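Let's take a friendly walk through a protein model together. Have a look at the sequence and the structure first, and then read on.

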Amino acid sequence: MTLTLAPALPNATTAPTRRELVGLDPAEIAAALVETGLGDKEARMRAKQLWNWIYVNGITDFMAMTNIAKPMREALADGFAIARPEIVSEQISSDGTRKWLFRFREADRPNASPVDIETVYIPEEDRGTLCVSSQVGCTLTCSFCHTGTQRLVRNLTAGEILAQILAARDRLGDFPGLSRPVDGLVPEGESRAITNIVMMGMGEPLYNYDNVKKALLIASSGDGISLSKRRITLSTSGVVPYIEPAGREIGVSLAISLHAVRNDLRSELVPINKKWPLEELIAACRAYPGLNNARRITFEYVMLKSINDSDSDARELVRLLAGIPAKINLIPFNPWPGSPYECSDWDRIEGFADIVNRAGYASPVRTPRGRDISAACGQLKSETERLSRKQREALEGA
Ligand code: SAH
Ligand code: SF4
(Lines give C-alpha, C1' and ligand atoms only; values in the text may rest on other atoms or scores of the structure.)
(Ligands and ions follow the chains in the order given, each with its own letter.)
Protein backbone atom coordinates (compact mmCIF):
# COMPACT_ATOMS: atom_id res chain seq x y z
CA MET A 1 0.00 0.00 0.00
CA THR A 2 1.28 3.42 -0.81
CA LEU A 3 -0.19 6.30 1.08
CA THR A 4 0.54 9.90 0.43
CA LEU A 5 -0.47 12.30 3.14
CA ALA A 6 -1.51 15.75 2.13
CA PRO A 7 0.78 18.51 3.35
CA ALA A 8 -0.29 18.51 6.92
CA LEU A 9 1.86 19.97 9.59
CA PRO A 10 2.08 23.70 9.94
CA ASN A 11 5.56 25.11 9.98
CA ALA A 12 5.71 26.94 13.26
CA THR A 13 9.37 27.80 13.11
CA THR A 14 9.78 30.37 10.39
CA ALA A 15 9.34 33.66 12.17
CA PRO A 16 11.91 36.07 10.76
CA THR A 17 15.21 36.73 12.53
CA ARG A 18 14.84 34.01 15.16
CA ARG A 19 18.09 32.15 15.78
CA GLU A 20 17.90 28.42 15.02
CA LEU A 21 18.98 26.27 17.97
CA VAL A 22 19.03 22.86 16.26
CA GLY A 23 22.57 22.37 14.97
CA LEU A 24 24.29 24.44 17.67
CA ASP A 25 26.45 22.62 20.19
CA PRO A 26 25.94 23.36 23.92
CA ALA A 27 28.74 25.95 24.01
CA GLU A 28 27.20 27.76 21.04
CA ILE A 29 23.75 27.72 22.63
CA ALA A 30 25.26 29.15 25.81
CA ALA A 31 27.07 31.86 23.82
CA ALA A 32 23.82 32.77 22.04
CA LEU A 33 22.11 33.10 25.43
CA VAL A 34 24.93 35.30 26.74
CA GLU A 35 24.30 37.59 23.76
CA THR A 36 20.74 38.04 25.00
CA GLY A 37 22.04 39.29 28.35
CA LEU A 38 22.30 36.15 30.49
CA GLY A 39 25.33 35.66 32.74
CA ASP A 40 27.82 32.92 31.81
CA LYS A 41 26.81 30.51 34.53
CA GLU A 42 23.09 30.78 33.96
CA ALA A 43 23.59 30.58 30.18
CA ARG A 44 25.45 27.28 30.57
CA MET A 45 22.71 25.91 32.81
CA ARG A 46 19.93 27.02 30.44
CA ALA A 47 21.84 25.63 27.45
CA LYS A 48 21.89 22.22 29.13
CA GLN A 49 18.16 22.40 29.76
CA LEU A 50 17.43 23.47 26.17
CA TRP A 51 19.65 20.70 24.80
CA ASN A 52 17.72 18.15 26.84
CA TRP A 53 14.34 19.47 25.72
CA ILE A 54 15.42 19.53 22.07
CA TYR A 55 17.28 16.24 21.69
CA VAL A 56 15.99 13.99 24.48
CA ASN A 57 12.37 15.13 24.64
CA GLY A 58 11.81 16.37 21.08
CA ILE A 59 10.14 19.56 22.27
CA THR A 60 9.71 22.36 19.71
CA ASP A 61 7.53 24.69 21.76
CA PHE A 62 9.41 26.80 24.30
CA MET A 63 6.22 27.15 26.35
CA ALA A 64 6.36 23.41 27.13
CA MET A 65 9.75 23.76 28.85
CA THR A 66 8.42 23.49 32.36
CA ASN A 67 11.70 23.87 34.24
CA ILE A 68 12.21 27.35 32.80
CA ALA A 69 10.29 30.31 34.26
CA LYS A 70 7.52 31.65 32.07
CA PRO A 71 8.99 35.11 31.29
CA MET A 72 12.20 33.45 30.13
CA ARG A 73 10.30 30.94 27.99
CA GLU A 74 8.57 33.87 26.32
CA ALA A 75 11.88 35.63 25.73
CA LEU A 76 13.36 32.44 24.28
CA ALA A 77 10.38 31.99 21.96
CA ASP A 78 10.87 35.56 20.70
CA GLY A 79 14.55 35.17 19.97
CA PHE A 80 15.02 31.53 19.01
CA ALA A 81 13.54 28.74 16.91
CA ILE A 82 13.61 24.94 17.12
CA ALA A 83 13.20 23.79 13.55
CA ARG A 84 11.15 21.07 12.03
CA PRO A 85 10.84 20.95 8.30
CA GLU A 86 7.44 21.14 6.69
CA ILE A 87 6.35 17.63 5.71
CA VAL A 88 5.31 17.91 2.08
CA SER A 89 4.55 14.20 1.82
CA GLU A 90 4.98 10.95 3.67
CA GLN A 91 4.85 7.77 1.63
CA ILE A 92 4.66 4.29 3.08
CA SER A 93 5.84 1.36 0.98
CA SER A 94 4.20 -2.06 1.00
CA ASP A 95 7.37 -3.29 2.79
CA GLY A 96 7.05 -0.68 5.56
CA THR A 97 9.74 1.66 4.23
CA ARG A 98 8.78 5.30 4.70
CA LYS A 99 9.90 8.23 2.61
CA TRP A 100 9.41 11.84 3.57
CA LEU A 101 9.70 14.86 1.38
CA PHE A 102 10.81 17.59 3.77
CA ARG A 103 10.77 21.29 2.94
CA PHE A 104 13.28 23.46 4.73
CA ARG A 105 13.04 27.18 5.21
CA GLU A 106 15.89 28.70 7.13
CA ALA A 107 14.75 30.48 10.30
CA ASP A 108 17.96 32.51 10.21
CA ARG A 109 17.44 33.50 6.57
CA PRO A 110 13.68 33.78 6.08
CA ASN A 111 14.01 35.27 2.59
CA ALA A 112 16.06 32.39 1.13
CA SER A 113 14.17 29.97 -1.17
CA PRO A 114 12.93 26.83 0.56
CA VAL A 115 14.51 23.51 -0.45
CA ASP A 116 13.01 20.03 -0.62
CA ILE A 117 14.90 16.91 0.33
CA GLU A 118 14.12 13.26 0.90
CA THR A 119 14.73 11.13 3.97
CA VAL A 120 13.97 7.40 4.14
CA TYR A 121 13.28 5.04 7.04
CA ILE A 122 13.94 1.34 6.50
CA PRO A 123 12.57 -1.01 9.17
CA GLU A 124 14.23 -4.42 9.47
CA GLU A 125 13.89 -7.16 12.03
CA ASP A 126 17.03 -6.30 13.97
CA ARG A 127 17.34 -2.57 13.22
CA GLY A 128 15.61 0.53 11.96
CA THR A 129 17.76 2.62 9.66
CA LEU A 130 17.28 6.26 8.77
CA CYS A 131 18.84 7.28 5.47
CA VAL A 132 19.72 10.96 5.76
CA SER A 133 20.57 13.52 3.05
CA SER A 134 23.55 15.85 3.23
CA GLN A 135 22.99 18.08 0.21
CA VAL A 136 20.17 19.23 -2.04
CA GLY A 137 21.25 17.51 -5.24
CA CYS A 138 24.89 16.55 -5.80
CA THR A 139 27.84 18.06 -7.66
CA LEU A 140 28.93 14.59 -8.72
CA THR A 141 27.43 12.80 -11.67
CA CYS A 142 27.61 9.07 -11.03
CA SER A 143 25.99 7.61 -14.12
CA PHE A 144 23.75 5.10 -12.30
CA CYS A 145 22.42 7.53 -9.66
CA HIS A 146 19.25 9.58 -9.99
CA THR A 147 20.47 12.23 -7.56
CA GLY A 148 23.49 12.60 -9.85
CA THR A 149 21.25 13.92 -12.63
CA GLN A 150 20.28 16.80 -10.38
CA ARG A 151 22.57 19.78 -10.07
CA LEU A 152 23.67 20.84 -6.60
CA VAL A 153 21.26 23.39 -5.17
CA ARG A 154 23.07 23.84 -1.86
CA ASN A 155 24.62 22.16 1.13
CA LEU A 156 22.32 21.37 4.02
CA THR A 157 23.18 23.06 7.31
CA ALA A 158 24.06 20.98 10.38
CA GLY A 159 20.64 21.92 11.74
CA GLU A 160 18.87 20.65 8.62
CA ILE A 161 20.76 17.36 8.73
CA LEU A 162 19.76 16.92 12.38
CA ALA A 163 16.21 18.11 11.75
CA GLN A 164 15.70 15.13 9.41
CA ILE A 165 16.46 12.84 12.35
CA LEU A 166 14.26 14.81 14.74
CA ALA A 167 11.32 14.97 12.31
CA ALA A 168 11.59 11.23 11.58
CA ARG A 169 11.64 10.54 15.33
CA ASP A 170 8.46 12.65 15.68
CA ARG A 171 6.70 10.65 12.97
CA LEU A 172 7.87 7.27 14.28
CA GLY A 173 6.95 8.02 17.90
CA ASP A 174 10.58 7.93 19.07
CA PHE A 175 10.27 10.78 21.58
CA PRO A 176 8.79 10.33 25.06
CA GLY A 177 5.01 10.62 25.14
CA LEU A 178 4.46 10.09 21.40
CA SER A 179 2.50 7.14 20.08
CA ARG A 180 3.88 4.83 17.38
CA PRO A 181 2.21 5.01 13.96
CA VAL A 182 2.10 1.19 13.75
CA ASP A 183 2.86 -1.68 16.12
CA GLY A 184 6.11 -3.61 15.93
CA LEU A 185 8.30 -0.72 14.75
CA VAL A 186 10.83 -1.10 17.54
CA PRO A 187 13.26 -3.97 16.93
CA GLU A 188 13.57 -6.52 19.70
CA GLY A 189 15.95 -5.49 22.46
CA GLU A 190 15.88 -1.85 21.34
CA SER A 191 14.02 1.11 22.75
CA ARG A 192 13.64 3.19 19.59
CA ALA A 193 12.45 2.74 16.02
CA ILE A 194 15.55 4.50 14.65
CA THR A 195 18.58 2.50 15.77
CA ASN A 196 20.95 3.36 12.90
CA ILE A 197 21.75 6.32 10.69
CA VAL A 198 23.29 6.12 7.23
CA MET A 199 24.45 9.22 5.37
CA MET A 200 23.31 7.67 2.10
CA GLY A 201 20.52 9.99 1.04
CA MET A 202 20.98 12.80 -1.43
CA GLY A 203 24.41 14.34 -1.77
CA GLU A 204 28.07 13.64 -1.09
CA PRO A 205 28.61 14.04 2.67
CA LEU A 206 32.35 14.67 2.38
CA TYR A 207 31.66 17.66 0.12
CA ASN A 208 29.71 19.17 3.02
CA TYR A 209 32.25 18.07 5.59
CA ASP A 210 31.92 20.71 8.32
CA ASN A 211 28.12 20.53 8.56
CA VAL A 212 28.04 16.73 8.38
CA LYS A 213 30.72 16.51 11.07
CA LYS A 214 28.86 18.86 13.36
CA ALA A 215 25.52 17.11 12.85
CA LEU A 216 26.97 13.63 13.44
CA LEU A 217 28.86 14.71 16.55
CA ILE A 218 25.60 16.11 17.95
CA ALA A 219 23.64 12.99 16.92
CA SER A 220 26.17 10.77 18.71
CA SER A 221 26.52 12.95 21.79
CA GLY A 222 25.82 10.83 24.86
CA ASP A 223 23.45 13.29 26.53
CA GLY A 224 21.40 14.02 23.38
CA ILE A 225 20.11 11.78 20.58
CA SER A 226 22.83 9.45 21.79
CA LEU A 227 23.32 7.15 18.82
CA SER A 228 26.47 5.07 19.04
CA LYS A 229 29.08 6.02 16.41
CA ARG A 230 29.18 2.39 15.36
CA ARG A 231 25.57 2.72 14.34
CA ILE A 232 26.21 5.74 12.16
CA THR A 233 27.63 5.15 8.69
CA LEU A 234 28.98 7.79 6.37
CA SER A 235 29.03 6.79 2.72
CA THR A 236 31.34 8.50 0.24
CA SER A 237 31.94 8.16 -3.46
CA GLY A 238 35.64 8.62 -2.66
CA VAL A 239 36.58 12.16 -1.62
CA VAL A 240 40.03 10.94 -0.60
CA PRO A 241 41.41 14.00 1.26
CA TYR A 242 38.50 13.93 3.73
CA ILE A 243 38.57 10.21 4.53
CA GLU A 244 41.28 10.36 7.18
CA PRO A 245 39.85 13.50 8.88
CA ALA A 246 36.40 11.86 8.89
CA GLY A 247 37.78 8.89 10.80
CA ARG A 248 39.77 11.00 13.22
CA GLU A 249 37.31 13.83 13.85
CA ILE A 250 33.92 12.15 13.44
CA GLY A 251 34.80 8.50 14.11
CA VAL A 252 31.73 6.93 12.55
CA SER A 253 31.67 3.82 10.35
CA LEU A 254 32.76 4.31 6.76
CA ALA A 255 31.18 3.03 3.55
CA ILE A 256 32.84 3.44 0.16
CA SER A 257 30.82 3.48 -3.05
CA LEU A 258 33.26 1.37 -5.02
CA HIS A 259 31.18 -0.13 -7.87
CA ALA A 260 34.12 -0.97 -10.13
CA VAL A 261 37.58 -2.45 -9.76
CA ARG A 262 39.31 -0.94 -12.80
CA ASN A 263 40.04 2.76 -13.15
CA ASP A 264 38.62 3.04 -16.68
CA LEU A 265 35.23 1.66 -15.68
CA ARG A 266 35.12 3.37 -12.30
CA SER A 267 35.86 6.73 -13.92
CA GLU A 268 32.83 6.16 -16.13
CA LEU A 269 30.49 5.12 -13.30
CA VAL A 270 31.85 7.33 -10.49
CA PRO A 271 33.57 10.23 -12.26
CA ILE A 272 35.26 11.50 -9.08
CA ASN A 273 37.58 8.54 -9.72
CA LYS A 274 39.36 10.68 -12.35
CA LYS A 275 40.45 12.98 -9.54
CA TRP A 276 41.19 10.31 -6.93
CA PRO A 277 41.77 6.97 -8.65
CA LEU A 278 41.46 3.53 -7.09
CA GLU A 279 45.05 3.34 -5.84
CA GLU A 280 44.61 6.53 -3.80
CA LEU A 281 41.15 5.54 -2.59
CA ILE A 282 42.28 2.11 -1.43
CA ALA A 283 45.36 3.58 0.29
CA ALA A 284 43.10 6.02 2.18
CA CYS A 285 40.89 3.10 3.24
CA ARG A 286 43.87 1.15 4.55
CA ALA A 287 44.82 4.18 6.64
CA TYR A 288 41.29 4.84 7.98
CA PRO A 289 41.67 5.61 11.70
CA GLY A 290 40.30 2.98 14.06
CA LEU A 291 40.03 0.28 11.42
CA ASN A 292 40.17 -3.31 12.72
CA ASN A 293 38.31 -6.59 12.33
CA ALA A 294 35.56 -5.45 14.65
CA ARG A 295 35.27 -2.17 12.79
CA ARG A 296 35.29 -2.79 9.06
CA ILE A 297 34.79 -0.58 6.05
CA THR A 298 31.73 -1.39 3.97
CA PHE A 299 32.34 -1.43 0.23
CA GLU A 300 29.20 -0.85 -1.81
CA TYR A 301 29.02 -2.47 -5.20
CA VAL A 302 25.99 -1.84 -7.40
CA MET A 303 25.24 -4.78 -9.70
CA LEU A 304 24.95 -3.52 -13.30
CA LYS A 305 24.12 -6.07 -15.95
CA SER A 306 27.10 -6.85 -18.23
CA ILE A 307 28.96 -3.78 -16.96
CA ASN A 308 30.68 -4.72 -13.69
CA ASP A 309 29.24 -8.12 -12.79
CA SER A 310 31.57 -10.75 -14.32
CA ASP A 311 33.43 -13.46 -12.40
CA SER A 312 36.69 -11.74 -13.19
CA ASP A 313 35.35 -8.48 -11.69
CA ALA A 314 34.51 -10.44 -8.53
CA ARG A 315 38.00 -11.97 -8.37
CA GLU A 316 39.61 -8.57 -8.94
CA LEU A 317 37.43 -7.11 -6.17
CA VAL A 318 38.77 -9.70 -3.76
CA ARG A 319 42.36 -8.93 -4.80
CA LEU A 320 41.83 -5.20 -4.49
CA LEU A 321 40.52 -5.39 -0.93
CA ALA A 322 43.05 -7.94 0.32
CA GLY A 323 44.23 -7.03 3.81
CA ILE A 324 41.54 -4.40 4.47
CA PRO A 325 39.02 -5.27 7.22
CA ALA A 326 36.03 -5.06 4.89
CA LYS A 327 32.41 -5.94 4.34
CA ILE A 328 31.06 -6.04 0.82
CA ASN A 329 27.51 -4.95 0.10
CA LEU A 330 26.18 -6.01 -3.26
CA ILE A 331 23.35 -3.67 -4.22
CA PRO A 332 20.95 -4.68 -6.98
CA PHE A 333 20.73 -1.66 -9.29
CA ASN A 334 17.57 0.33 -8.70
CA PRO A 335 16.30 1.70 -11.98
CA TRP A 336 14.83 5.18 -12.36
CA PRO A 337 13.08 6.83 -15.33
CA GLY A 338 15.60 7.06 -18.16
CA SER A 339 18.38 5.23 -16.33
CA PRO A 340 20.98 3.83 -18.74
CA TYR A 341 21.54 0.47 -17.00
CA GLU A 342 19.78 -2.73 -16.06
CA CYS A 343 20.14 -4.70 -12.87
CA SER A 344 22.20 -7.90 -13.16
CA ASP A 345 20.18 -11.13 -13.31
CA TRP A 346 19.68 -12.89 -10.02
CA ASP A 347 21.86 -15.91 -10.84
CA ARG A 348 24.66 -13.56 -11.95
CA ILE A 349 24.44 -11.74 -8.61
CA GLU A 350 24.61 -15.12 -6.86
CA GLY A 351 27.60 -16.20 -8.93
CA PHE A 352 29.39 -12.95 -8.08
CA ALA A 353 28.47 -13.25 -4.40
CA ASP A 354 29.80 -16.85 -4.32
CA ILE A 355 33.27 -15.77 -5.36
CA VAL A 356 33.29 -12.99 -2.82
CA ASN A 357 31.95 -15.29 -0.08
CA ARG A 358 34.53 -17.97 -0.83
CA ALA A 359 37.23 -15.36 -0.29
CA GLY A 360 35.94 -14.99 3.27
CA TYR A 361 33.73 -11.92 2.99
CA ALA A 362 30.20 -11.94 4.25
CA SER A 363 28.58 -10.24 1.28
CA PRO A 364 24.91 -9.78 1.87
CA VAL A 365 22.96 -8.80 -1.20
CA ARG A 366 21.05 -5.77 -0.09
CA THR A 367 17.36 -6.35 -0.75
CA PRO A 368 15.94 -3.30 -2.46
CA ARG A 369 13.53 -1.54 -0.11
CA GLY A 370 10.77 0.88 -0.86
CA ARG A 371 11.07 0.58 -4.65
CA ASP A 372 7.33 1.21 -5.06
CA ILE A 373 7.76 4.68 -3.59
CA SER A 374 11.15 5.41 -5.25
CA ALA A 375 12.86 5.30 -1.87
CA ALA A 376 15.57 2.80 -2.80
CA CYS A 377 19.27 3.69 -3.08
CA GLY A 378 19.93 6.16 -5.84
CA GLN A 379 16.28 6.88 -6.57
CA LEU A 380 16.06 10.03 -4.50
CA LYS A 381 15.60 13.25 -6.36
CA SER A 382 13.97 16.29 -4.89
CA GLU A 383 11.15 18.54 -5.99
CA THR A 384 13.46 21.52 -5.75
CA GLU A 385 15.09 20.90 -9.07
CA ARG A 386 11.85 20.01 -10.78
CA LEU A 387 10.51 23.34 -9.64
CA SER A 388 13.56 25.24 -10.71
CA ARG A 389 13.63 23.50 -14.09
CA LYS A 390 10.03 24.58 -14.62
CA GLN A 391 10.99 28.05 -13.60
CA ARG A 392 13.96 27.96 -15.97
CA GLU A 393 11.77 26.83 -18.84
CA ALA A 394 9.29 29.57 -18.05
CA LEU A 395 12.13 32.05 -18.17
CA GLU A 396 13.53 30.60 -21.40
CA GLY A 397 10.07 30.73 -23.01
CA ALA A 398 9.57 34.33 -21.96
N1 SAH B 1 27.12 10.31 -2.21
C2 SAH B 1 27.36 9.26 -1.32
C3 SAH B 1 26.16 8.84 -0.50
C4 SAH B 1 24.82 8.81 -1.18
S5 SAH B 1 24.55 7.56 -2.39
C6 SAH B 1 27.91 8.07 -2.08
O7 SAH B 1 27.89 8.08 -3.31
O8 SAH B 1 28.39 7.15 -1.41
C9 SAH B 1 24.20 6.10 -1.40
C10 SAH B 1 24.53 4.78 -2.10
O11 SAH B 1 23.56 4.47 -3.11
C12 SAH B 1 25.86 4.81 -2.80
O13 SAH B 1 26.58 3.62 -2.54
C14 SAH B 1 25.46 4.88 -4.24
O15 SAH B 1 26.50 4.46 -5.05
C16 SAH B 1 24.24 4.01 -4.27
N17 SAH B 1 23.39 4.19 -5.45
C18 SAH B 1 23.21 5.32 -6.17
N19 SAH B 1 22.35 5.10 -7.20
C20 SAH B 1 21.97 3.80 -7.12
C21 SAH B 1 21.05 2.99 -7.89
N22 SAH B 1 20.37 3.50 -8.91
N23 SAH B 1 20.88 1.70 -7.53
C24 SAH B 1 21.56 1.20 -6.46
N25 SAH B 1 22.41 1.92 -5.68
C26 SAH B 1 22.62 3.21 -6.02
FE1 SF4 C 1 26.25 11.97 -5.69
FE2 SF4 C 1 26.49 9.61 -4.34
FE3 SF4 C 1 24.73 9.87 -6.36
FE4 SF4 C 1 27.33 9.81 -6.89
S5 SF4 C 1 26.12 8.14 -5.99
S6 SF4 C 1 25.83 11.25 -7.79
S7 SF4 C 1 28.16 10.92 -5.16
S8 SF4 C 1 24.68 10.97 -4.42
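By class, how many nonpolar, polar and charged residues does the shell around ligand 2 have? There are 4 nonpolar, 3 polar and no charged residues in that shell. The residues around ligand 2 (those with a heavy atom within 4 Å of it) are Cys138, Leu140, Cys142, Cys145, Gly148, Gly203 and Ser237. Here Cys and Leu count as nonpolar, while Gly is among the polar ones.

The model is predicted, so local features need pLDDT of at least 70 and side-chain atom pairs pLDDT 80 or more, while totals for chains, interfaces and linings use all residues. Residues are numbered from 1 along each chain, chains are lettered from A and ligands numbered from 1 in written order, and side-chain values use heavy atoms, without hydrogens and water.

Now for the strands, which are DSSP runs of E with at least two residues. In β7, Gly128 and Leu130 point one way and Thr129 and Cys131 the other, and all are buried (under 20% relative accessible area with a 1.4 Å probe, protein chains only).

A hairpin of 4 residues links β6 to β7.

Finally, helices α9 (residues 311-320) and α10 (residues 346-358) pack at about 30 degrees, with axes 9 Å apart. That angle makes α9 roughly parallel to α10, a term for angles under 35 degrees.

How values were computed
Buried means under 20% relative accessible area, exposed over 50%, partly exposed in between (1.4 Å probe, protein chains only). Two strands pair if DSSP finds at least two bridges between them. Axes are lines fitted to C-alpha atoms, for helices over the stretch in contact, and angles run from 0 to 180 degrees between N-to-C directions. Angles under 35 degrees count as roughly parallel, over 145 as roughly antiparallel, 65 to 115 as roughly perpendicular and the rest as oblique.
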